[in-house]
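Hi,

Here is the structure I promised to pass on. Have a look at it first, then read my notes below.

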There are 2 protein chains.
Amino acid sequence: MRQWVLTALILAAPAHADELSSWNDGAAKKAIVEFVQKTTTQGSDKFVPPEERIATFDQDGTLWVEHPMYTQVMYCLDRVPAVVKAKPELAQKEPFKTVMSGDREKIARLGMKDLEVILAATLTGMSTEQFADEARKWLDEAKDPRWKRPYTELAYQPMLELLQYLRANGYHTYIVTGGGQDFVRAYAERVYGIPPEQVVGTAGVTKYGYDKAGKPFLLKEPKLLLNDDKAGKPEGIHLMIGRRPHFAFGNSDGDREMLEYTTAGDAPRLALLVHHDDAEREYAYDAKTKVGTFSDALMSEAKKSNWTVVSMKNDWKRIFAFEP
Amino acid sequence: MRQWVLTALILAAPAHADELSSWNDGAAKKAIVEFVQKTTTQGSDKFVPPEERIATFDQDGTLWVEHPMYTQVMYCLDRVPAVVKAKPELAQKEPFKTVMSGDREKIARLGMKDLEVILAATLTGMSTEQFADEARKWLDEAKDPRWKRPYTELAYQPMLELLQYLRANGYHTYIVTGGGQDFVRAYAERVYGIPPEQVVGTAGVTKYGYDKAGKPFLLKEPKLLLNDDKAGKPEGIHLMIGRRPHFAFGNSDGDREMLEYTTAGDAPRLALLVHHDDAEREYAYDAKTKVGTFSDALMSEAKKSNWTVVSMKNDWKRIFAFEP
């Protein structure tokens, strides 16, 4: 009988902030802990019922490293040889020719239009299941050029702890990413503990059809359905969740609308931004940074709106789980 | 201490099939209970891990009455006077003129194109929050012409029990409806215990913007994003859930692709169809039935594919909660 009682007591115990052990004590950690405590304490005038505890997180630059290039773009570039092998006529066509040349400088100079052509060619034209298999195979083998580790190890340890802390307090943690929904779903459960149905991302049209044996499948088509960036983030949140978040975390101008939409709801709401200011342990973004732009306008809106800016350098004790 | 122990024991007790008390004993109930038992019993070779226990339900005609007209269409027709009041020039324009005439026969003869014009005029051009408020207000007051009761009381009692039974066994119950996602979300939590994030439906584009005071809102636009019917159902399931269901329940040709997609996955899977064959207690559909078509082709696919056809007349002991 003792075992039962003990289990019941453990289940009833509240989750403590000690779980945020990779966070330094400071304004950011304090804001998070106070918010969670007041929204989960029965009788508090800021109590939020469990079903409404929605927390949304940008992914690239918020939950894991996005420099020097989004991981998904790395994946697409790595897929180009297979695409060219299947369609040899692409070898002499741009932008495939540049990618096949292996010239890193030239590849880095490819524009948005070129990237869109590469994304369409490498992410579509296959079934949703084939896509997930390919992506998982790549994630098992590919390594980040700086840390020489699988990309999935480049998730930020303080954020993994935060996701866990929120869930332990009844929050439903969602990813809301400009990245491809199907790509992120291929590893989100394993890396973040976030299941596919809680990944909101940029999504293409899929088309239901039958293979030669009459078995149904969904074909990924090169047609955009939801561009889940900037204003697309609150739009995607409404489409896929249908509730306004109480907690939102981003790191760039692409997250501005998600944070605005979150904090426009009745209190209590908490909005946060990761500020990449740590060149030594990760990256310090500046005006020339191509991805993850953090403009002066965003910083002044954050101050005006009382959003919490998290300094990677000062607020995070360690950045990756593999650090000592 | 005794209280704790008791609670722990109650929580640990498995859910029993006695909860399906509005179902008659027969092949349908047997198929459901056996499926749930084998997929939730640890060690069974058909065991399905809790996170993969996805069950999808069509709404109109599967969870509640869809005759003589979809409830949402009733709502839109009732909204027309308010729309015409705001835009008086519509009063002399079709199809608004016919609706304003109150001539039930003429209204019943309106075609799909006319209905689309009415749906666009009555469901869009307002914020998502205004829409939800309007819909809830109507649902509180409107009554079905046959039973003289709120539409929300016309949910089928055996299906409410089934939703509850599945959830008690760790299944995640989703609505996958051709009806408007925002409309169904306005009452799904209250009526079915299904939260907004588990309602997949036909959805329009929303547009993020700011009101005069600078407060952000989402405007419902008259532009279709996801047509969640027929092939759109598996497409919507992939978009919003990202997992193939293990259990799917429909009632018409519009659900065929959802059932095909479900049963095309590795076993175990269960697909079911409500057959409306009870003119006395509800409706018996025939070849002239406009909504909820159950074609001969669907019936033969059901037989061939081993889908369970549920006879409303024989399998359901009672249909509504308000029946004695």
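Which residues of helix 9 of chain A are buried? They are A:Gln181, A:Asp182, A:Phe183, A:Val184, A:Arg185, A:Ala186, A:Tyr187, A:Ala188, A:Val191 and A:Tyr192. Before I go on, keep in mind that this is a predicted model.

So helix 9 of chain A (residues 181-192) is mostly covered, because ten of its twelve residues are buried, meaning under 20% relative accessible area. There's something else about helix 9 of chain A: its end C-alpha atoms are only 15 Å apart, while a straight helix would reach 16 Å at 1.5 Å a residue. Just after helix 9 of chain A comes A:Gly193, with a positive phi of about 70 degrees.

Now the sheet. Chain A has an open sheet of seven strands in the order 4-3-2-1-5-6-7, and the pairing is mixed. At the edges stand strand 4 (216-226) and strand 7 of chain A; each has a single partner strand, so one side of each is left without a neighbour in the sheet. On average, neighbouring strands of this sheet are turned by 35 degrees against each other, direction ignored. As a reminder, strands of a sheet pair through backbone hydrogen bonds, either parallel or antiparallel.

Five of its six residues are buried, so strand 6 is largely enclosed by the rest of the structure. Here is what sits on either hand:

- Strand 5 of chain A (residues 247-250) pairs with strand 6 of chain A in the parallel sense, over four bridges. A:Gly250 stands opposite A:Leu273 here.
- A:Leu272 has A:Thr308 as its bridge partner in strand 7. With helix 12 of chain A (residues 296-304) between them in the list, strand 6 and strand 7 make a right-handed β-α-β unit.

Elsewhere in the sheet, strand 1 (residues 54-57) and strand 2 (residues 172-180) of chain A pair in the parallel sense over four bridges, with A:Tyr174 in strand 2 as the bridge partner of A:Thr56. Helix 8 of chain A (residues 157-168) packs on the sheet and touches strand 1, strand 2 and strand 5 of chain A. The direction of helix 8 makes about 165 degrees with that of strand 1 of chain A.

How do the two chains fit together? Chain B can be laid on chain A with an RMSD of 0.0 Å, using a turn of 180 degrees and a shift of 0.0 Å along the axis. The two copies are thus related as by a two-fold rotation axis. In chain B, the C-alpha nearest the axis belongs to B:Met240, 3.0 Å from it. Also, 100% of the interface residues of chain B are interface residues in chain A too, so the copies meet through the same surface.

Is B:Gly242 buried or partly exposed? With 25% relative accessibility, B:Gly242 counts as partly exposed. Leaving out residues up to four places away in sequence, B:Gly242 touches A:Arg185, A:Pro196 and B:Ile237. The C-alpha atoms of B:Gly242 and B:Arg53 are separated by 13 Å, and these residues lie 189 residues apart along the chain.

Cheers

Terms used. Residues are numbered from 1 along each chain as its sequence is written. Chains are lettered from A and ligands numbered from 1 in the order in which they are written. This is a predicted model: local features need pLDDT of at least 70, side-chain atom pairs count only at pLDDT 80 or more; totals for chains, interfaces and linings use all residues. Side-chain values use heavy atoms; hydrogens and water are left out. Buried means under 20% relative accessible area, exposed over 50%, partly exposed in between (1.4 Å probe, protein chains only). Helices (H or I, at least four residues) and strands (E, at least two) are DSSP runs, numbered from the N terminus. Two strands pair if DSSP finds at least two bridges between them. A crossover is right-handed if, with the strands pointing away from the viewer, the path from the first strand over the helix to the second runs clockwise. Copies are superposed by least squares on the C-alpha atoms of residues with pLDDT of at least 70 in both. Contact means heavy atoms within 4.5 Å. The expected span of a helix is 1.5 Å times one less than its number of residues. Axes are lines fitted to C-alpha atoms, for helices over the stretch in contact, and angles run from 0 to 180 degrees between N-to-C directions.
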